[in-house]
Amino acid sequence: KKEKLPTLDGLVRGCCKAMVALQVDAGHFKFPDVRGKHARYGDLIDRLVDRDVSAIDGGWVVMPLPDGASQVDACECGLALLRAGAAYRNDDWTKAGFKAADWALGAACVPEFYANAFAVSLLCEAFRVTADKKYLDGARKKCQICVLPGQASNGRWLDPVSARTVSHVVILRALNDLEECLPPGKDREAMETAAAKAVKTLIEEAERLGAPPTANTVQELERYLRLHKDAPQEVRIVLERAATAAMKKCARGGRVQATVPLPELAAVSRVFP
């Protein structure tokens, strides 16, 4: 519906404007000061401020959070800015995306494996845009050191947050990203092996509980099938269930509702072309 394009364009521009405004010079993004409002992050920010009072500025945390939350934000915002910058040919957005990627390249790894996976995906996107090997090498090293060692024999990741399904699919995204970007060889084979184990445990979970409704389920299972034409048929079955659920959630009441992330809804069109 072409008459809707100006609304969508306005949404993209507004989101990108907000992200650029919230980016600090170092490359990561401000985080709201939620002390007294959020149990986990409130305590974390308190400890950060105890070490350095300049961590807060105008109601925002302007220093990286040590638990990896800043890597999560840098990835999601950086990915969006790089993709929007390319689609709209907006150099300011592209520069902001690279600033986030450069920060992630030098950011220290954290104990939460899923947070490191966010950085891997952002660096892979920066490599796709530039073909600069520093981004691919950085993504590969972060994955080898800070993601792959945490995978258990059952295909899940060891720390409690990374073991959750929503985090598990984020890690699968990073593995898919690297498999797409790496040349044939042992490094790529390691990603293929880890991804196969990660998908196997997702399918086993789906057989018990139903298709997992995360923000990336349809996107990443569909991409895994494109990368692995010989994947078990069960992967396709779970993918179609997840895609159907996403579509139905967005069509309640006879009108389209954005009840799943828009990239996830768009991915449905690749499942049922």
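**Pocket, sheet and a helix pair**

The largest pocket in this predicted model has a volume of about 1,200 Å³.

Biologist: What makes a residue part of the lining of the largest pocket, and how many residues line it?

Modeller: A lining residue has an atom within 4 Å of a pocket point. The largest pocket has 35 such residues, and A80, R83, Q219, L262 and P263 lie nearest its centre. Two or more lining residues come from each of α1 (5-22), α3 (69-88), α5 (113-130), α8 (165-181), α10 (217-227) and α12 (262-271). Of these elements, α1 gives the most, with eight residues.

Biologist: What is the lining made of, by class?

Modeller: The lining has 20 nonpolar, three polar and 12 charged residues.

Biologist: Why are β1 and β2 said to stand at the edges of the sheet?

Modeller: The open sheet has three strands in the order β1-β3-β2, with antiparallel pairing. β1 (31-32) and β2 (56-57) each have a single partner strand, so one side of each is left without a neighbour.

Biologist: How do you know that β2 and β3 are paired?

Modeller: Pairing takes at least two bridges between the strands. β2 and β3 (residues 60-61) have two bridges, in the antiparallel sense, and therefore count as a pair.

Biologist: What makes α8 and α10 a contact?

Modeller: Contact means heavy atoms within 4.5 Å. V169, L172, R173, N176, D177, E179 and E180 of α8 meet T217, E220, L221, R223, Y224, R226 and L227 of α10. By class, the residues of this contact are five nonpolar, two polar and seven charged.

Biologist: How do the axes of α8 and α10 cross?

Modeller: They come within 10 Å and cross at roughly 35 degrees. The crossing of α8 and α10 is left-handed.

Methods:
Residues numbered from 1 in each chain as written. Predicted model: local features only at pLDDT ≥ 70, side-chain atom pairs only at ≥ 80, totals over all residues. Heavy atoms only, no water. 1 Å grid on protein atoms, 1.4 Å probe; cavity = no way out; pocket = protein on both sides within 12 Å on 5 of 7 lines; lining within 4 Å. Points joined across faces, edges and corners; volume = space filled by probe spheres on them. Helix = DSSP H or I, 4+ residues; strand = E, 2+ residues; numbered from the N terminus. Nonpolar A, V, L, I, M, F, W, Y, C, P; charged D, E, K, R; others polar. Axes fitted to C-alpha atoms, helices over the stretch in contact; angles between N-to-C directions. Left-handed = near helix turned anticlockwise from the far one by under 90°.
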